[in-house]
Amino acid sequence: QDEIVYTLQARVFAGGDRWAAESLSWFFWLESPSASAFPPGWPALLALGEAVGAGWLVNPLLAGALAPLTLRLVEPLRGRGTAVLAAALVSLSPGVLLLAASRISHTSVLVALLLAAGVLVRDEGGWRRWGASAALGYVVLARPFDAALVGLPMLAVWSWRRQFSVWTLPTLAGVVLLFDNAYVTGDAT
């Protein structure tokens with residue numbers, strides 16, 4: 001059901017609309033207005049693939065980034081050998097392979113969190129820190145509870161380092177999500 005609703009919402013987004021013209025009868029699909037009950041981040045990303053008839057390819061392409069991002073995150077923490085092993089385990093993980101074959105948001109969120117964590121661990125600045133901010137902003141729009149459970153601790157570390165600019169895009173994404181919720185459901189929360 002999740003994959004169907006994500007795909008339907010992605011197709012609505014790819015068509016340039018926020019909700020479907022007709023009411024659909026699916027679990028996790030709101031009847032009035034006719035829209036997905038899920039946050040809009042993942043369907044918006046999936047819409048990029050749906051717009052060119054390749055929605056099925058979005059998660060496999062994202063899964064291809066998991067090994068290099070894992071390598072990049074683990075190497076400064078545990079050395080090259082452990083990083084290569086971790087990247088291999090991620091590449092061969094049955095769970096990762098199953099998620100890569102799906103149309104649900106988990107792969108994209110893992111990519112975004114690994115990207116942000118890699119920048120945090122390496123204490124990188126400039127455009128990379130803004131990339132981490134954008135990645136965490138995406139997590140807010142795709143899976144807000146993941147953003148709260150994993151993203152907020154990362155943001156706390158950046159705050160401890162007095163690098164407050166990283167909060168910009170996740171905060172903006174939170175505001176957008178609240179307005180979107182109010183627009184679609186009549187209630188911001």
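## Aromatic pairs

Three aromatic pairs occur in this predicted model, a pair being Phe, Tyr or Trp (six-membered) rings with centres within 6.5 Å. Y6 and F38 make a stacked pair, because their ring centres lie 4.6 Å apart and their planes meet at 25°. Stacked means planes under 30 degrees apart. Y6, F28 and F38 form one aromatic cluster.

Y6 sits in helix α1 (residues 2–14), and F38 in the loop between β2 (35–36) and α2 (41–51), so the pair ties together parts 32 residues apart in sequence. Helices (H or I, at least four residues) and strands (E, at least two) are DSSP runs, numbered from the N terminus. Y6 is buried at 4% relative accessibility. F38 is also buried, with a relative accessible area of 17%. Buried means under 20% relative accessible area (1.4 Å probe, protein chains only).

## Helices α4 and α5

The axes of α4 (residues 66–78) and α5 (residues 80–92) come within 7 Å and cross at roughly 150°. Axes are lines fitted to C-alpha atoms over the stretch in contact, with angles from 0 to 180 degrees between N-to-C directions. The two helices are therefore roughly antiparallel, a term for angles over 145 degrees.

On the α4 side, the contact includes L66, L71 and V74; on the α5 side, it includes V84, A87 and V90. Contact means heavy atoms within 4.5 Å. The contact residues divide into nine nonpolar, three polar and three charged.

## Basis

Residues are numbered from 1 along each chain as its sequence is written. Local features need pLDDT of at least 70, side-chain atom pairs count only at pLDDT 80 or more, totals for chains, interfaces and linings use all residues, and side-chain values use heavy atoms, without hydrogens and water.

Conventions: Parallel < 35°, antiparallel > 145°, perpendicular 65-115°, else oblique. Nonpolar A, V, L, I, M, F, W, Y, C, P; charged D, E, K, R; others polar. Phe/Tyr/Trp six-rings, centres within 6.5 Å; stacked < 30°, edge-to-face > 60°. Buried < 20%, exposed > 50% of the residue type's maximum accessible area, 1.4 Å probe, protein only.
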